[in-house]
Amino acid sequence: MADSILDVVDVHKSFGALKASDGISLTLKPGEIHALIGPNGAGKSTLIKQIAGGLQPDEGAVKFLGQDITGKTTAQRAQLGLGRTFQISALAMGFTVLENVVLGAIGQSGSVFRFFSPAMKDRALLDRARNALERVGLSDRETTITSELSHGQRRQLEVAVALTLAPKAFLMDEPMAGLGAEGSRELTGFLRTLKSEAPILLVEHDMDAVFALADRISVLVYGKIIATGSVDDIRNNAEVKTAYLGEEDAA
Amino acid sequence: MIRERYLNLIILAGLVIVPAYALMVDEPFTITLATKVVILALAGVGLNLALGQGGLVSFGHAAYFGIGGYTMGILASHAQNYTPLMTSPFLIEGTNSMPVIWLVAVVVSALLALLIGALSLRTSGVYFIMVTLAFGQMLYYFAISWPAYGGEDGLSIYVRNQFPGVNTLVPIQFYGLCFAILLIVLFLVDRLNKSPFGLALDGAHQNEERALTVGINVYRLRLVAFVISGAITGLAGALFADLNRFVSPVMFDWHTSGQIMIFIILGGVARLFGPIVGAALYILLEHFLGGLSEYWFIYLGAILLFVVLFAKGGIVGGLSKKEMSHGG
Amino acid sequence: MSVILLIEQILNGLQFGVMLFLMAAGLTLIFGVMGLINLAHGSLYMVGAFVAAAVAAWSGSFLLALAASLVAAAMFGALIELTVIRRLYARDHLDQVLATFALILIFSEATRWVFGSFPLFLDTPAWLSGTVILPFGIQYSAYRLAIIIVGLVVALGLFLLITRTRVGMRIRAGDSDREMIAALGVDISVLYTLVFALGAALAGLSGALVGAIQSVEVGMGEPVLILAFVVIVIGGIGSIKGALLGAILVGLTDTLGRTLLPVLLSTVMDASAATAVGSALASMLIYILMAGVLLFKPTGLFGTA
């Protein structure tokens, strides 16, 4: 096995004249939180889609656990253990909280084509689902309809669904978005405990959270990674300051 | 408001009491109407699995209804004329045994649904609606222009097919058969909805991205649901043909697809018993409004429009609270 | 089969395709701008044909009948947009399908109630009833040729409308841009009514033109509607260019298939079987074409998402 969990190797993706990914390479190593930051329109979403599936790079490869997954579908990547959370909560809003995590457990266990046994009475599925809920602290919300959850609780549920996959790596798209200071702090603490289980590629706008959490940071600007390094490296990088932090200051 | 399962029990009771009463007062026509309700409801239960649970708005379920009907018509016409269906590479003879016809109808309509579904599910949204409609219409035109089995005029079967131990010509006995099938299918579909498969199907309907990112192959999931859905509607088609002892291209017509959809919307989308209520209401309207006015479709259209615009949830939805979809 | 007959069939296919384009253009425009699938589009086609037949019978003027069909279909279109359709924009496609299906039931029965169940007839005007001589000595129906020309002129007009005018700019604008336009104080609902009425007028015109070739009867719009769907699936939803290309493809495939398949098959089987198999196959040909496009381009030839 390679020493990195996830390898993005020289990925290119253009939409007409726009180079959304212009030769991006990055790695995710065991036990780390690797934050991907960059101003709006830098090509973060495009990169995430190429890693998670749903968008094919024009050139380059995505490797997961040493295996080339560039040609694999979103579902296959999830089966391999790539757990994903979304910027805008992607949950079955009409389901109860428990049903949402059971859905994750069904996907993980490959029991989709079981037609007769009731899913909500299946011990194995329920155990896995409840375990994930407990870890994010949503156990007391099992029977709540998902659409009735608060914004922060939906975030927690997203993470719980990803946890049911027993992922080998997490891909988290702005998990802090819309959380208050309190919620942000709680989630930060939780992610720190999570990274020893599986490394996290974290796309995040909340700079405080990024600087508090990340082991490494990559800065994406106009489809290129202009710097990768520790929090201090990035804080002191002149290029990053002008391209990114400068812009933040101005705003 | 009452709980959905009590409402369902009332509906089932109605399906027992009405024909029983009709039998007592010797009203065979009412039994025939009830049989029609049960069969059309079965077609609706099939579509509801794809449309309600899976969110796959198929506007071409007449294809399966029709192919089920023609399966019966073709097998029975060969049996009644004592001609084999084909002789090479091996001999296939017609039959007038209902169980055999049902089995063949289920298999043939499942295969058709597999073919149409595999193509149609490459698309989504409004494309899916138009593509399924178009494929349904293709079979309609094929049935019209293929002269071997009656073409536009259709095909008459003079004697109802047979079921061991049942006199299928007695209306109440044929009703009993159809009702039993409906009950069995309802039971199976209920189990299916609660199974991991049903949960995944519903989950993918609510949020496709979510289903994909937990590793579910949504295309295959939907294709299987579509095939089961088509098979159930195909079985209903075979029964419907036996009820009328007649099949014609009208079974393939897109109005038939629309009708099956109307049962679901009148009764309540994704409600297990919705299609039964919808089909019953439809037949009642047809019977009474059709008796009042030659132009009863105007009233049907107005009612449908009202339900869609103002009464989402249909009758079952209006009378009962939604229970936990996969609980219990 | 002679070359001249073949060319005549190609022209027939073109004429059919142009008619389908008038239907499909409205459908695809309405879907592209409002996101609405409108099954009642076939009813507007029928309205156009009936009004044309009635006005022609009353006035004896074909041109007046055509104008009346345009106006009547546009008015009916605006009427149903204002009363029913605009409640459906924010709904899902299932609701749109069911509500517009309900409109078909109402329209068809109401027409039967007003005009009866017997078909009406609309005569081609005397000045278009003969044949014209085309290059290479090909004789062709002047009326059908006129339809082709009208269709192509309308297609050109639509292109100009959409690419060159302010209304066209708003039609081309994406959803988000349209919200912006709305925020700037432009009344979007008026634009929606206009687009719907425009689509309806095209359907009505198409119905009136075809009414002089076929009989005018209840339900005449439905087969055309479904063919227009096939056209849109092939061409790609929301694309006028796709609608034109798809319509001509479908028109040619269907017309030539019906003529050529029985002839081709008669080389390998006896004549009566060839006619039977050929006509059955020909009726499926455009759907097979559609299936082929779906295999390679699920979003149609000019479709995007």
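Before the details, the conventions: residues are numbered from 1 along each chain as its sequence is written, while chains are lettered from A and ligands numbered from 1 in the order in which they are written. Since the model is predicted, local features need pLDDT of at least 70 and side-chain atom pairs count only at pLDDT 80 or more, whereas totals for chains, interfaces and linings use all residues.

Let me start with chain A, which has nine helices and 10 strands, where helices (H or I, at least four residues) and strands (E, at least two) are DSSP runs numbered from the N terminus. The C-alpha trace of chain A spans about 60 × 40 × 35 Å along its principal axes. The radius of gyration of chain A is 18 Å, and this agrees with the value near 18 Å for a compact globule of 251 residues; the radius is taken over C-alpha atoms, and the globule rule is 2.2 Å times the number of residues to the power 0.38. Of the 251 residues in chain A, 48% are buried, a word that applies if 20 or more other C-beta atoms, placed from the backbone, lie within 10 Å of a residue's own, with exposed meaning 12 or fewer and partly exposed in between. Among the contacts in chain A with a separation of 6 or more, 66% join residues 24 or more positions apart, a contact being two residues whose C-beta atoms, placed from the backbone, lie within 7 Å.

Turning to chain B, its contact with chain A takes 24 residues from chain B and 32 residues from chain A. On the side of chain B, the elements giving two or more residues are α6 (171-194), α7 (196-206), α8 (208-213) and α9 (218-244), and the largest share, six residues, comes from α7(B).

Which element of chain B gives the most to the side that touches chain C? That contact takes 35 residues from chain B and 36 residues from chain C, and α5(B) gives the most on the side of chain B, with 14 residues. By class, this side of chain B has 28 nonpolar, six polar and one charged, where Ala, Val, Leu, Ile, Met, Phe, Trp, Tyr, Cys and Pro count as nonpolar, Asp, Glu, Lys and Arg as charged, and the others, Gly among them, as polar.

Two residues of chain B deserve a word on backbone angles. B:R245, in the loop between α9 and β5 (246-247) of chain B, has a positive phi of about 50° although it is not a glycine, and B:R245 is partly exposed, with 16 other C-beta atoms within 10 Å. B:A270 is also not a glycine and has a positive phi of about 70°, but B:A270 counts as buried, with 23 C-beta neighbours inside 10 Å.

Finally, in chain C, helix α2 (residues 41-59) and helix α4 (residues 93-115) pack at an angle of about 20°, with axes 9 Å apart; the axes are lines fitted to C-alpha atoms, for helices over the stretch in contact, and angles run from 0 to 180 degrees between N-to-C directions. The two helices are therefore roughly parallel, the term for angles under 35 degrees, with over 145 being roughly antiparallel, 65 to 115 roughly perpendicular and the rest oblique. The residues that meet include C:M46 and C:F50 in α2(C) and C:F107 in α4(C), and the contact has six nonpolar, four polar and no charged residues.
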